[in-house]
Amino acid sequence: MLYSKTAQYSIQSMLFIAANNSEQNILVRDVAKELGLPASFLSKILQTLSRYGFLNSVKGPKGGFSLSEKGAESTIAELVAVVDGPMNFEMCLAGFSPCSEENACPFHHEWKRIREEIRELVNSKAILELSHEMPVRYRTLLTGSAAAKAKKATAKKSAAKKPAAKKAVAKKAPAKKAPAKKAPAKKAPAKKKK
């Protein structure tokens, strides 16, 4: 892989925060929940990104994270460099060492072309620009939660306006007793003959 799990979580959370950037700060637990990431690990990552100026961090009841100007203008390659160090585009796809023009593995020439495309891709667009291309489900944290609250409030109001429907109580018919069975008549014991 070109970068670590930490770098992947950094990219995902930065794109998510950028896509949901507003006047409100975004809580770590909301980012973790929406992306399915471990909250404690993500908290450390976001603190690191804040320390390097990619995010703004605010403590307190209205605290959380928001995208900084530097974070908005940064590329994925710059973000990964903070977490993992510069991206290693020179690795051999087959794992040979050394792998070079003179000592090439079977994948070398094709992989070299693909590496250049990846290098261009991770340096071509800023994080804020990429966030606009995020799927809708990742862009609706703040608006989605507000819409969900409004929907619940509307449902409560309409439920309060409707008169409670009377429940029809089914009357139980008295249980009929099965007719008592007559016991067979007892025969008198036969008299013994002497």
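**Entry: terms and S10**

I take a helix to be a DSSP run of H or I that is at least four residues long, with helices numbered from the N terminus. With that in hand, I looked up S10 and found its place in helix α1. Is S10 buried or exposed? I noted that S10 is buried, with a relative accessible area of 0%. Leaving out residues up to four places away in sequence, I listed I45, L49, L79 and V83 as the residues that S10 touches.

**Entry: what kind of model this is**

I remind myself that this is a predicted model, and I therefore looked at the predictor's confidence, pLDDT, which is given for each residue from 0 to 100. The mean pLDDT of the protein is 78, and 71% of its residues reach 70 or more. Over residues 142-155, however, the pLDDT is below 50, and I noted 4 contacts in the model for this stretch beyond near neighbours in sequence. Over residues 164-169 the pLDDT also stays under 50, and there the model has 0 contacts beyond four places in sequence.

**Entry: the overall layout**

I counted 8 helices and 2 strands in the protein, and reading from the N terminus I wrote down their order as α-α-α-β-β-α-α-α-α-α. Of the 194 residues, 29% count as buried. The protein exposes about 14600 Å², of which carbon and sulfur atoms supply 57%. When I took the contacts between residues at least 6 apart in sequence, 63% of them turned out to join residues at least 24 apart.

**Entry: helix α1**

At 1.5 Å a residue, its 15 residues should span 21 Å, and the end C-alpha atoms are 21 Å apart, so the two values agree. How many of the residues of α1 are buried? I found 11 of the 15, which means that α1 is largely enclosed by the rest of the structure. Among these buried residues of α1 are A7, Y9, I11, M14, F16 and I17, along with S10 from my opening entry.

**Entry: the nonpolar core**

The largest nonpolar core holds 35 residues, and those with the most contacts inside it are M14, L46, L49 and L55. I noted the elements that give two or more residues to this core, namely α1 (5-19), α2 (28-35), α3 (39-51), β2 (64-67) and α5 (76-84). Which element gives the most to this core? It is α1, with 9 residues. I then followed L55, which, not counting residues up to four places away in sequence, touches M14, I17, L46, L49, S50, F65, S66, L67 and S68.

I placed A77 in helix α5, where A77 is buried, with a relative accessible area of 13%. Leaving aside neighbours within four places in sequence, A77 is in contact with M87, V122 and N123. E120, by contrast, sits in helix α6 and counts as exposed, at 60% relative accessibility. I also looked up the pair E120 and A77, which are 43 residues apart in sequence and 9.5 Å apart in space, C-alpha to C-alpha.

**Entry: the cysteines**

A disulfide is a covalent bond between the sulfur atoms of two cysteines. The rule I used asks for a pair of cysteine sulfur atoms within 2.5 Å, and by this rule the count comes to 0 disulfides. C92 is in none, since the nearest cysteine sulfur, that of C99, is 3.6 Å away.

Most peptide bonds are trans. P98 is found in the loop between α5 and α6 (108-124).

Methods:
Residues numbered from 1 in each chain as written. Predicted model: local features only at pLDDT ≥ 70, side-chain atom pairs only at ≥ 80, totals over all residues. Heavy atoms only, no water. Core = buried A, V, L, I, M, F, W, Y, C linked by side-chain atoms within 4.5 Å. Buried < 20%, exposed > 50% of the residue type's maximum accessible area, 1.4 Å probe, protein only. Contact = heavy atoms within 4.5 Å. Areas by Shrake-Rupley, 256 points an atom, 1.4 Å probe, with all protein chains shown as cover. Expected span 1.5 Å × (residues − 1).
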